[in-house]
Amino acid sequence: MSQAQTRQDTMAVIGCGVIGSGWAARALAAGMTVQAWDPNPEAVTTLQNQIDTAWPALSRRGLAEGACRDNLYFTTDLDQALAGADLVQENAPERLSLKQSLLADIDARVPEQVLIGSSTSGIKPSELQAQCCHAPGRVIVAHPFNPVYLLPLVELVGGEHTGQTQLAAAGTHYERLGMRPLIVRREIEGHIADRLMEALWREALHLVNDGVATTEEVDAAIVYGAGLRWSLMGTFLTFHLAGGEGGMRHMLEQFGPALKQPWTRLEAPELTPELVDRVAGGSEFQAGGRSVAELEARRDRFLGELLEVVERYWPEQEGLGGRI
């Protein structure tokens, strides 16, 4: 792959690990040009392999007009990656000092109207903006979910220098990629979705650590129960229905007192060698000898079919639809 010519609808993907490669695949499928950068020249192999994995699922979902893998260009030269970009997506490792330095460098190199999104899963945008001197407000959190090329949610979080018009414009950029932007009202570590997943993860570790359930049994509780409802309704609307005709108000009256009961243990248990063995061994048993690549392909087929079902019951601008 060679250096790209400057063209419209160009996304600069900065960092080509699993998340960066997922962004690249999604942008290519949306008909965009992708200029990918990584300081490691061997990262191009990871990038190509990840797109190989993603492309069958993206093809089943439907490619945009003009979508072509040949619109992917890899470089170790940051200026080449940023040249002519309409959107920059940073995917560096989750280390604050590294991200601050890299984002400040990008901020100094691209025109002030170009949005710079960070895929950080937990860092607040004001911290990411701290060393940016050119146009810090356009540096925001744009947090996706793995696999990025299929899952539509992207959490958009502005920092102290970010205006609402900038966030609204960011939403339009990510809608162009076929995503569902969730504009987070106030910056907080972990944003929204990861904080919810972290709470469930901690409780799951306790259940395994206390011998209440195996990893397989915990996963079954989600896959065949709550997870099926959550994929359509989320937490609050699910509980609204649990209240019958009285809705959420009746549910809170009936089950609210249970919040005082010791049903959860939010502090994570210590990751002792025994717990690590139990969790890792259980997960390996669940994999049943299948490779990660095999499991990813199975996951992608499932998600593609599930998204088709969800979209039929989840029209634009209705509750969970559109820009949230």
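Predicted model: local features only at pLDDT ≥ 70, side-chain atom pairs only at ≥ 80, totals over all residues.

Analyst: In helix 11, the buried residues are Asp-300, Leu-303, Gly-304, Leu-307 and Val-310.

User: Where do they sit around the axis of helix 11?

Analyst: They lie on the same side of helix 11, because the arc they cover around the axis is only 135°.

User: Which exposed residues are on the face turned away from the buried side?

Analyst: That face of helix 11 carries Phe-302, Glu-305 and Arg-312, which are exposed.

User: And what covers the buried residues of helix 11?

Analyst: The cover includes helix 2 (43-61) and helix 8 (215-242).

User: Turning to helix 8, at what angle does its axis cross that of helix 9?

Analyst: The two axes cross at roughly 80° and come within 7 Å, helix 9 being residues 247-255. Helix 8 and helix 9 are therefore roughly perpendicular to each other.

User: Which residues make the contact?

Analyst: Helix 8 contributes Phe-236, Phe-239, His-240 and Ala-242, while helix 9 contributes Gly-247, Met-248 and Met-251. Of the residues in this contact, 5 are nonpolar, 2 are polar and none is charged.

User: A new topic: is Gln-100 buried or exposed?

Analyst: Gln-100 belongs to helix 4 (residues 96-109). Its relative accessibility is 12%, so Gln-100 counts as buried, the cut-off being under 20%.

User: What is Gln-100 in contact with, leaving aside its neighbours within four places in sequence?

Analyst: With those neighbours left aside, Gln-100 is in contact with Glu-127, Leu-128, Ala-130 and Gln-131.

Definitions and conventions
Residues numbered from 1 in each chain as written. Heavy atoms only, no water. Buried < 20%, exposed > 50% of the residue type's maximum accessible area, 1.4 Å probe, protein only. Helix = DSSP H or I, 4+ residues; strand = E, 2+ residues; numbered from the N terminus. Arc of directions from axis to C-beta. Contact = heavy atoms within 4.5 Å. Axes fitted to C-alpha atoms, helices over the stretch in contact; angles between N-to-C directions. Parallel < 35°, antiparallel > 145°, perpendicular 65-115°, else oblique. Nonpolar A, V, L, I, M, F, W, Y, C, P; charged D, E, K, R; others polar.
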